[in-house]
Amino acid sequence: MASHHHAGAAHPAEPGAAETARMLREAALEVSRCALEVRGAAARAGAVLGSPLFARSSLRHPRAGMAAQWSLVRALTSAAGLGFALGGGDGVLKRIGQAGEVCGRESLANRIAVTSLRMRAAAVLAEHPELGRDPGMRRLMDAVTGDRDVEALRALRALLKDKGAERAMSTVAPLFAELSAIRALLDENPLNDEVGWQIATGEALHADPWFGIAARHLAAFDAGEGAAVAVPLDEEERRALGTEGSLMDFLGNIDLLRTDGRILIQDVRGPDGVVRHVLQAPGMAPGKPRNDSPQDFVGAWSNLFDPESPYTRGILLAIDEYGLPAGAEIALIGHSEGGIALMNLAQNNAFCRRFRVTHMVAVGSPIDNKKPADPRTWVASVTNQHDLVPTLDGRGAGSGSVFTPHPDWYEVDYIDSSHEFPLCHSLGKYMGNLEAELAGARRDIDEALTPYRGPVLRSQVYQLKDRANPPQGYPLMAVPVSPVATSAGPVETPVRYYDSTAAVAIFAVAPERVAGLLSDASWMSPSRIGRRVLVALSAYEHRCVSLGPYNELSLAVLVNDLWRPRAHDVVRELLRRADTRRTGRQVTALAVTTPEAAAAGRELWGQPAATALVDVRLAGNRLHATLSGPGGTDAPPLLGLTGDLGPYVPAPHVDSVLYGRTADATLRSMVHCAGRQRLHAAPRLRLRCAPGPAAEEEPLVRQARALGLDGARPLCVFSAPEYQARRGAGAPLPR
């Protein structure tokens, strides 16, 4: 049997106030039904006026048709008729109606709905006389109901200034739903009228979330898939856990878990000897949203509007890991966000087919817009009328007798002596109220939970997270691998670069300087921009890679389509995916720091790799890339590209195609990459090559000098402080 308790009032109402409130709510219900009828009549009239059939009929019979059209227009626009009610139509008429509302015109249906809401507000004031005596609250109500937006904003600011944010929120809480709906219906924004109608007519308790589009956008930020990990309790927490199944024990356990993302599952042997299970879930954590836990403000919104929120999915994973047998009887007990998440489970048909949800107890949770899938589930809801959180389902404090969406629930809706929010939302405060002022309600709920009164046999805590931790480098590195033998040992392909720094400097050189570098692959033609050929000097610091960490410097010439070269191929080909691209970079010199990397370069990719001392660092906006000789890093570098990279703009990563040569084939390899990249269009650094025979012995230095890059400034530089890549083995080409 459903019960409604309004207990513990700190400010007693006037004699007869309860009867006055009841009569006002009954009248408000009738008025809201009238508003719906008027709105329906306006919608039907608008549909006729905008009907093509009606328009054609009017053209065939112009005298009668024009008179009928004019009558409909007057009925839908006159203050003596339906007000300005064109917004109930479709197409052009709806746009005209919305434009009229922007200009301050109102429909009769909206005005009637506002009257119903004002009567509901009056009923709340009869039960909350302290609100009527508060000058700041009276000023806010007068401004909202009088459609004075600026004055309403000033009144709210005054409340926040005089009482502070927390006390102001708890002061407004009993009338939050009514004031929000009145504001939505009276303002000049036609897009939020549906919000007001849902609250005014009770639709918010049955279907679409009453905060509408904005709420769903906020919930969309919580995009985690949910995860659960079994964790132990410390010794002090283990001693404090309840040992006998009772409402206060279960709520005490939830209070013990705090709001750090943990839930508790317990086995309890009932009086009949049957072992049943109790799932206990805390509410949201205060403060800013947390990326590691679904128990935060964004998670609460996600729970309210998404039945498959990360919190709910995490609970399901915990149940799977716990090993509940199919058909087991389970009670769900939660506070605040925990109550919403558990109600999501209770309304899940698949979950209720798998387990028998016998009881659902929610404390301080907005669950009125939800319904258990199993009609046998006994539901209890405990809410404090000054707690703002339970009003988020659109019902509002004390309005249960206006719209009672669940007459079979056991509901405790009371007034606490403390009005401060969030204090009145804390589980400790609710427990104190249940222990003292709400002793009768506590006994009723305990009696309903009798099957769970008994010794606790097992307790397991689970840590919930917004998302499970994916494998390192996921999804780029989530590919099958196979070993390939090289002279330095087996190498897994594709080679995975999990954590690297990358910088690619693009230079423009004369075409005649490049001809000698491509003599071994004479069928390749270099890419040109105007009359210049593009050359890339690439520097990498590979900190974590599947063949071991190493650094590299490489020199490559950008080449055209190998079979059908055309001018400016490289620009057009960048729009293609790497696997369909015909252009690429022919690597002509490669210096790496480990033998394993050198073997992979030569044998997997056909690149002229040699080991050398390479130092690559990208710190902030400054690049340091050097190639040192036998003297080590203490001696001046043989080649260096160091300096300030200059300003940058974000740029998308483009997968690369690299070409290499073996004795009898050309190898084509693809590099798939991820991470953030920056384009430096005006770099301030120059490439320097050291003179002397030691520098001439290094192929990369010798080629850079031959290309005329000594002292040259790059056209642009692409840098990536956090670079990830995957490179497969080279595929031999038939030419």
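Good morning. I begin with helix 13, residues 247–257, and helix 18, residues 427–435, whose axes lie 10 Å apart and pack at an angle of about 165°. Because angles over 145 degrees count as roughly antiparallel, helix 13 is described as roughly antiparallel to helix 18. Please bear in mind throughout that this is a predicted model.

I turn now to a second pair. Helix 15, residues 310–322, and helix 16, residues 337–346, have axes that come within 9 Å and cross at roughly 65°. Helix 15 is therefore roughly perpendicular to helix 16. Their crossing is right-handed. Helix 15 contributes Tyr311, Thr312, Ile315, Leu316 and Ile319 to the contact, while helix 16 contributes Glu337, Gly338, Ala341, Leu342, Asn344 and Leu345. Here the contact of helix 15 with helix 16 divides into seven nonpolar residues, three polar and one charged.

Finally, a single residue. Where is Arg531 placed? Arg531 sits in the loop between strand 13, residues 528–529, and strand 14, residues 532–545. With a relative accessible area of 74%, Arg531 is exposed, because the threshold for that term is over 50%. Arg531 is also 23 residues from Ala508 in sequence, and their C-alpha atoms are 9.2 Å apart in space. Thank you.

Methods
Residues numbered from 1 in each chain as written. Predicted model: local features only at pLDDT ≥ 70, side-chain atom pairs only at ≥ 80, totals over all residues. Heavy atoms only, no water. Axes fitted to C-alpha atoms, helices over the stretch in contact; angles between N-to-C directions. Helix = DSSP H or I, 4+ residues; strand = E, 2+ residues; numbered from the N terminus. Parallel < 35°, antiparallel > 145°, perpendicular 65-115°, else oblique. Left-handed = near helix turned anticlockwise from the far one by under 90°. Contact = heavy atoms within 4.5 Å. Nonpolar A, V, L, I, M, F, W, Y, C, P; charged D, E, K, R; others polar. Buried < 20%, exposed > 50% of the residue type's maximum accessible area, 1.4 Å probe, protein only.
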